[in-house]
Amino acid sequence: MSTNTMITNTMVNNTKTDNTKTDDAKTENTKNDNIIADNNLAGNSIADNKDKNSLPVVISDTAAQAEDVCGVLLCGGKSRRMGVDKASLPWGSGTFLQAVAARLDMFSEKYLSVSSNANPNVNANADADQDAGAGADADAGAVSDSGSGEPKNGQSERKGLAPDWIVLPDKVPDCGPIGGIYTALSTCTAGWAMVVSCDVPKVEESLLRVLMAGRTAEAEIVYPVTSDGRMHLTCALYRKSLLPVLEQHIAAHDYRLRSLLDKCRAAIVPLDSVQDSFLEDMLANINTPEDLENVKTGPENRGRREIKKDKSSREFYLRDDGIRIHCKLDFPDNKYRQSVPAGMSIQSGSDSVSVSGWNSVERTEGDCDPGTQKLPLLIIFHGFTGHMEEDHIRAVARTANETGYAALRAELYGHGRSGGDFRDHTLLKWISNALTVIDYARSLPFVSEILVCGHSQGGLLTMLAGAMEQDHLKAILPLSPAWMIPETARRGEVLGTIFEPEKIPEKLAAGKGLCLGGTYLRTAQMVEVEPSIRRFKKPVLLVHGSADLAVPVDCSVRAAEMYPDARLVIIPEDTHCYDFHLDQVVEAVRAFLAEQLNR
């Protein structure tokens with residue numbers, strides 16, 4: 001056995017950045033008395049409202065439940081700034097309206113809130129909340145229905161939605177989003193309404209579940225606040241008990257959603273931490289043609305979690321047993337540029353699904369010839385509750401490109417923009433996804449060799465898939481690999497939650513309003529990792545932070561002792577996602593990849 005262990009010497013700076021925003025730094029949308037006491041969603045965040053006599057509302061971390069919630073899709077805006085009806089704008093294979101409706105399909109009771117104005121080009125639910133801090137703009141699409149406020153089942157089909165959607169014209173016209181919310185709450189049988197405007201097509205089920213986890217016995221509104229201080233009141237939960245307050249505001253012609261916060265108990269869900277950036281991005285405002293272009297291209301000023309698209313970056317979906325796998329393929333800039341395989345080009349947020357294969361006829365000017373230019377490929381998998389745009393995942397992809405590798409990132413079952421519900425994901429489904437991605441990589445004619453990298457649960461996946469595909473891989477890079485999951489599951493513990501190993505619960509809280517299904521635990525108990533570790537004979541790079549509280553560093557130490565050809569890099573005092581010394585992780589990966597080029 002040849003095990004090389006390296007401990008980097010740079011120590012962590014323990015001085016933490018103060019996240020408190022001063023009054024001068026707040027945006028105009030947050031000039032009220034709502035405060036965010038903590039930016040941690042795990043049960044410690046406190047929301048206070050303008051009523052100083054009310055008690056603070058603590059955001060719970062219990063598993064979100066949708067049984068007493070209906071979905072309400074707001075589509076009554078004039079779309080003045082966009083210039084065209086936002087609800088019907090193309091998004092992926094459908095429209096803005098269909099993209100948001102797909103996320104609300106998780107609710108059995110669903111309403112399409114439209115204006116009662118008979119003119120489809122001049123709609124009532126317009127800009128009443130433009131200066132009200134509504135977050136996702138209240139100027140949300142121009143779908144219109146004439147009527148008297150009565151539900152209209154069946155009319156939803158002409159808007160491209162399923163028949164179980166009920167078209168709901170406003171009972172009180174010309175009062176903006178508050179009218180749609182009032183009509184929905186006075187009609188629905190559920191105790192809560194999940195209200196989402198049609199101009200946030202990037203919204204995903206994961207964000208909705210986080211909001212549902214914020215419900216408490218006292219709260220009547222649950223809404224997110226993003227890192228820029230914006231309150232998103234048109235992507236929020238409203239309680240049916242709020243009806244009297246809504247009636248008072250409508251009677252007083254006060255149509256501002258923000259003004260409701262003066263009269264009710266509100267729970268704030270802050271999305272201001274690094275790990276919340278993916279959820280925050282789902283609330284990207286799309287109010288103008290420029291906004292739409294920015295969301296499509298992912299400009300640098302959208303934050304570190306997006307990469308500007310150009311000829312060297314392509315997104316697409318693969319299919320695995322009927323489930324779509326969201327992938328992004330990045331090429332080294334200005335060196336190797338490949339055209340997109342036929343049928344694979346998509347826009348951000350697309351529901352399009354790719355087909356396998358490579359069409360050499362569709363190469364663009366400047367692209368290399370797949371038959372003559374070869375380069376290595378690094379496949380990268382995220383971890384549990386992760387996604388491909390996390391800082392550490394992007395950093396590894398960027399490092400691979402800089403070292404001369406193509407980088408293929410994939411989001412796995414129940415995560416990111418891939419198919420499947422988080423609750424239903426299992427290690428076996430992830431293994432199937434990984435093998436599908438590896439098989440696809442093997443089919444690409446420009447690929448000379450394949451390496452696989454994964455973080456946390458993705459690191460465990462890398463260990464398992466590496467052993468299964470050893471003959472097709474050159475090396476693997478498990479980063480902070482959580483290969484203790486099967487071992488602890490057999491003892492009756494996962495993610496710090498204890499259960500009886502012989503009596504598997506049907507669900508298990510997983511934090512941030514998410515929950516795991518019992519099948520995850522059952523399959524985890526059956527997985528044996530150690531034989532896979534010992535079976536892999538090729539080069540391995542293990543990287544781990546010594547202060548990792550999620551996955552003990554001993555996991556990597558033990559794995560390094562079992563692998564025949566392993567290098568272990570321990571980052572002193574760093575965390576599970578390398579919050580302090582990501583640069584040291586990057587250098588370790590760069591050195592390892594460069595070394596593999598010469599082997």
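Tutor: A residue is called buried when its relative accessible area is under 20%. With that cut-off in hand, and remembering that this is a predicted model, let us look closely at strand E16, which covers residues 323-330.

Eight of the eight residues of strand E16 are buried, so the strand is largely enclosed by the rest of the structure. In a regular strand the side chains alternate between the two faces of the sheet. In E16, Ile323, Ile325, Cys327 and Leu329 point one way, whereas Arg324, His326, Lys328 and Asp330 point the other way. The residues on both sides of E16 are all buried, and Arg324, Lys328 and Asp330 count as charged.

Consider next the strands beside E16. Strand E15, residues 313-320, pairs with E16 in the antiparallel sense over eight bridges. Within this pairing, Phe316 has Cys327 of E16 as its bridge partner. E15 and E16 form a hairpin with two residues between the strands, and in that hairpin Asp321 takes a positive phi near 55°. E16 is also joined to strand E18, residues 406-411, by five bridges, and these two strands likewise run antiparallel. Here the bridge partner of Lys328 is Arg409 of E18.

Of its 599 residues, 59% are buried. Among contacts between residues at least 6 apart in sequence, 73% join residues at least 24 apart.

Helices of the chain can be enclosed as well. Helix H9, residues 457-468, has twelve residues and reaches 17 Å from its first C-alpha to its last, close to the 16 Å expected at 1.5 Å a residue. Eleven of the twelve residues of H9 are buried, so this helix is largely enclosed by the rest of the structure. Among the buried residues of H9 are Gly458, Gly459, Leu460, Leu461 and Met463.

Other helices pack against one another. Helix H7, residues 391-402, and helix H14, residues 582-597, pack at an angle of about 35°, with their axes 9 Å apart. H7 passes H14 in a right-handed crossing. The residues making this contact include Ala395, Val396 and Thr399 of H7, and Val586, Val589 and Leu593 of H14. By class, the contact has seven nonpolar, two polar and three charged residues. Also in helix H14 is Gln596, which is buried, with a relative accessible area of 0%. Leaving aside its neighbours within four places in sequence, Gln596 is in contact with Tyr405, Glu449, Leu451, Lys474, Ala475 and Pro539.

Helix H2, residues 177-187, packs with helix H4, residues 243-251, at an angle of about 145°, with their axes 10 Å apart, and their crossing is left-handed. One of the residues of H2 is Gly179, which is buried, with a relative accessible area of 0%. Gly179 and Leu246 are 67 residues apart in sequence but 8.4 Å apart in space, C-alpha to C-alpha.

Note on methods
Residues numbered from 1 in each chain as written. Predicted model: local features only at pLDDT ≥ 70, side-chain atom pairs only at ≥ 80, totals over all residues. Heavy atoms only, no water. Axes fitted to C-alpha atoms, helices over the stretch in contact; angles between N-to-C directions. Helix = DSSP H or I, 4+ residues; strand = E, 2+ residues; numbered from the N terminus. Left-handed = near helix turned anticlockwise from the far one by under 90°. Contact = heavy atoms within 4.5 Å. Buried < 20%, exposed > 50% of the residue type's maximum accessible area, 1.4 Å probe, protein only. Pairing = 2+ DSSP bridges. Expected span 1.5 Å × (residues − 1).
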